[in-house]
Amino acid sequence: GAVVVLVAAFFIVFAYSTADIGSTDGYKIKAKFDRVDGILVGSDVRMSGIKIGSVTSTSLDPKTYFAEVSISVQSDVKIPADTSISVAAEGLLGQKYLSLSPGGSDEMLTSGDEITVTQGSIDLMGLVGKMIFSQTKKDVEQGN
């Protein structure tokens with residue numbers, strides 16, 4: 001029994017250290033989205049496909065009903081103030097992450113600043129449903 005517990009503990013420590021789940025040392029910035037489906041604490045923050053940080057918290061603003069996301073960015077990566085951020089996926093049904101598109105400003109974001117240009121996640125199932133039902137409605141109207 002003790003061997004099983006030791007092997008399990010070793011596996012958990014190994015998985016945690018290789019998964020890069022721990023918080024990123026760096027500065028904190030935030031952004032507000034209309035929806036962040038699939039974004040969780042620990043989700044990647046990437047720029048040009050390279051991980052530069054991670055999501056540290058998500059919450060709902062009770063006044064605006066926007067999703068507030070706090071992220072930690074590596075201290076050696078400087079982000080222009082006019083950068084945009086969007087929810088992206090690794091594939092059609094892949095893992096979600098936040099993608100930064102750098103702007104051209106000479107002014108850089110500092111800890112506590114907010115990215116104001118955001119694009120939330122797209123409800124893929126809702127779009128497919130609309131397409132199917134709109135096609136069915138056209139078929140009924142045309143007598144097909």
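**Figure 1. Surroundings of threonine 110 in the predicted model.** Leaving out residues up to four places away in sequence, threonine 110 touches Tyr27, Lys28 and Ile29. In this predicted model, threonine 110 is placed in the loop between E6 and E7. Its C-alpha atom is separated by 7.8 Å from that of lysine 28, although the two residues are 82 residues apart along the chain. Threonine 110 has a relative accessible area of 46% and is therefore classed as partly exposed.

**Figure 2. Strand E1 and its two partners.** Strand E1 (residues 26-33) pairs with strand E4 (residues 67-74) in the antiparallel sense, over 8 bridges. Within this pairing, lysine 28 has serine 72 of E4 as its bridge partner. E1 is also joined to strand E7 (residues 114-115) by 2 bridges, and these two strands run parallel. Here the bridge partner of lysine 30 is glutamate 114 in E7.

Figure 3. The protein contains 2 helices and 8 strands, arranged from the N terminus on as α-β-β-β-β-β-β-β-β-α. The 8 strands form an open sheet with mixed pairing, in the order E7-E1-E4-E3-E2-E6-E5-E8. E7 and strand E8 (117-119) stand at the edges with a single partner strand each, so one side of each has no neighbour in the sheet. Of the contacts in the protein with a separation of 6 or more, 63% are between residues 24 or more positions apart.

**Figure 4. Isoleucine 71 and the largest nonpolar core.** The largest nonpolar core comprises 22 residues, and Ile71, Ile79 and Leu98 are those with the most contacts inside it. At least two residues of this core come from each of E1, strand E2 (44-47), strand E3 (50-60), E4, strand E5 (84-89) and strand E6 (96-101). Apart from neighbours within four places in sequence, isoleucine 71 is in contact with Tyr27, Lys28, Ile29, Val45, Ser54, Val55, Thr56, Ile85 and Leu98. In soluble globular proteins, nonpolar side chains tend to be buried together. Buried residues account for 27% of the 144 residues in this protein.

Figure 5. Asp44, Arg46, Lys51 and Glu90 are linked in a network of salt bridges. E2 and E3 pair in the antiparallel sense over 4 bridges, and arginine 46 stands opposite lysine 51 in E3. The side chain of lysine 51 meets that of aspartate 44 in a salt bridge (3.4 Å, N to O). Lysine 51 is partly exposed at 22% relative accessibility, whereas aspartate 44 is buried at 18%. A further salt bridge (2.5 Å, N to O) is formed by the side chains of glutamate 90 and arginine 46. Because glutamate 90 lies in the loop between E5 and E6 and arginine 46 in strand E2, this pair ties together parts that are 44 residues apart in sequence. Glutamate 90 is partly exposed at 48% relative accessibility, while arginine 46 is buried, with a relative accessible area of 14%.

**Figure 6. The salt bridge between aspartate 37 and arginine 35.** The side chains of these residues meet at 2.6 Å, N to O. Both partners are partly exposed: aspartate 37 has a relative accessible area of 34%, and arginine 35 has one of 33%. The count for the protein comes to 6 salt bridges.

**Figure 7. A nonpolar surface patch that includes isoleucine 132.** Val128, Met131, Ile132 and Phe133 form a nonpolar patch on the surface, together having about 420 Å² of accessible area. Isoleucine 132 is found in helix H2 (residues 124-142) and is partly exposed, with a relative accessible area of 44%. The protein exposes about 9,600 Å², of which carbon and sulfur atoms supply 60%.

Methods:
Residues are numbered from 1 along each chain as its sequence is written. This is a predicted model: local features need pLDDT of at least 70, side-chain atom pairs count only at pLDDT 80 or more; totals for chains, interfaces and linings use all residues. Side-chain values use heavy atoms; hydrogens and water are left out. Patches are made of residues with over 30% relative accessible area and no salt bridge: like charges are joined within 9 Å, nonpolar side chains (Val, Leu, Ile, Met, Phe, Trp, Tyr) within 5 Å. Accessible areas come from the Shrake-Rupley method with a 1.4 Å probe; for residues, only the protein chains shown count as cover. A salt bridge is a side-chain nitrogen of Lys or Arg within 4 Å of a carboxyl oxygen of Asp or Glu. Buried means under 20% relative accessible area, exposed over 50%, partly exposed in between (1.4 Å probe, protein chains only). Two strands pair if DSSP finds at least two bridges between them. A nonpolar core is a set of buried Ala, Val, Leu, Ile, Met, Phe, Trp, Tyr and Cys residues joined through side-chain atoms within 4.5 Å. Contact means heavy atoms within 4.5 Å.
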